[in-house]
Amino acid sequence: MLAYFSNAAAKIRRDEKGATAVEYGIMVALIAVVIIVAVTLLGGTLTGMFGKAACDMQTNKKWDATTSACINKV
């Protein structure tokens with residue numbers, strides 16, 4: 001199996017016509033992975049930030065971080 005991948009890699013290195021396209025494809029895939037990870041990690045934080053900002057603009061409301069909801073002030 002390792003010999004197959006080694007031979008395939010050597011063949012790709014010799015054939016440089018498609019090398020640039022493959023490199024761009026790998027770059028695009030890596031950028032997509034980084035974007036997906038960033039959105040996943042920051043999604044909840046951004047939702048909370050925008051929710052708090054929207055709640056702060058309303059009168060007699062406060063942001064409850066434990067429930068992530070806007071509640072009436074007591």
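Q: What pattern does the chain follow when read along the sequence?
A: The order of elements along this chain is α-α-β-β. That is two helices and two strands, where helices (H or I, at least four residues) and strands (E, at least two) are DSSP runs numbered from the N terminus. This is a predicted model, in which local features need pLDDT of at least 70 and side-chain atom pairs count only at pLDDT 80 or more, while totals for chains, interfaces and linings use all residues. Residues are numbered from 1 along each chain as its sequence is written, and side-chain values use heavy atoms, with hydrogens and water left out.

Q: How much of the chain counts as buried?
A: Buried means under 20% relative accessible area, exposed over 50%, and partly exposed in between (1.4 Å probe, protein chains only). Here 5% of the 74 residues count as buried. The chain has an accessible surface of about 6,500 Å², and carbon and sulfur atoms account for 69% of that surface. Such areas come from the Shrake-Rupley method with a 1.4 Å probe; for residues, only the protein chains shown count as cover.

Q: How many disulfides does a search of the whole structure find, and which cysteines form a disulfide?
A: A disulfide is a covalent bond between the sulfur atoms of two cysteines. The cut-off used is a pair of cysteine sulfur atoms within 2.5 Å. The search finds one disulfide, formed by cysteine 55 and cysteine 70 with their sulfur atoms 2.1 Å apart. This pair links distant parts of the chain, since cysteine 55 is in helix α2 and cysteine 70 is in strand β2 (residues 69–72), 15 residues apart. The torsion about their S-S bond is about 80°, so the disulfide is right-handed.

Q: Which residues form a salt bridge?
A: Side chains of opposite charge can pair when their charged atoms come close. The term salt bridge requires a side-chain nitrogen of Lys or Arg within 4 Å of a carboxyl oxygen of Asp or Glu. One is found in the whole structure: lysine 52 with aspartate 56, whose closest N and O atoms are 3.0 Å apart. The C-alpha atom of aspartate 56 lies 8.8 Å from that of cysteine 70, which is 14 residues away along the chain.

Q: Where is aspartate 64, and what is the nearest side chain of opposite charge?
A: Lys and Arg count as positive, Asp and Glu as negative; His and the chain ends are not counted. Aspartate 64 is in strand β1 (residues 61–64). Aspartate 64 is buried but has no salt bridge, and lysine 62, the nearest side chain of opposite charge, is 6.8 Å away. With neighbours within four places in sequence left aside, aspartate 64 is in contact (heavy atoms within 4.5 Å) with Ala69 and Ile71.

Q: Which residues form a nonpolar patch on the surface?
A: Patches are made of residues with over 30% relative accessible area and no salt bridge; like charges are joined within 9 Å and nonpolar side chains (Val, Leu, Ile, Met, Phe, Trp, Tyr) within 5 Å. Here the nonpolar patch consists of Val33, Val37, Leu41, Leu42, Leu46, Met49 and Phe50, with about 720 Å² of accessible area together. Leucine 41, one of these, is in helix α2 and is exposed at 63% relative accessible area.
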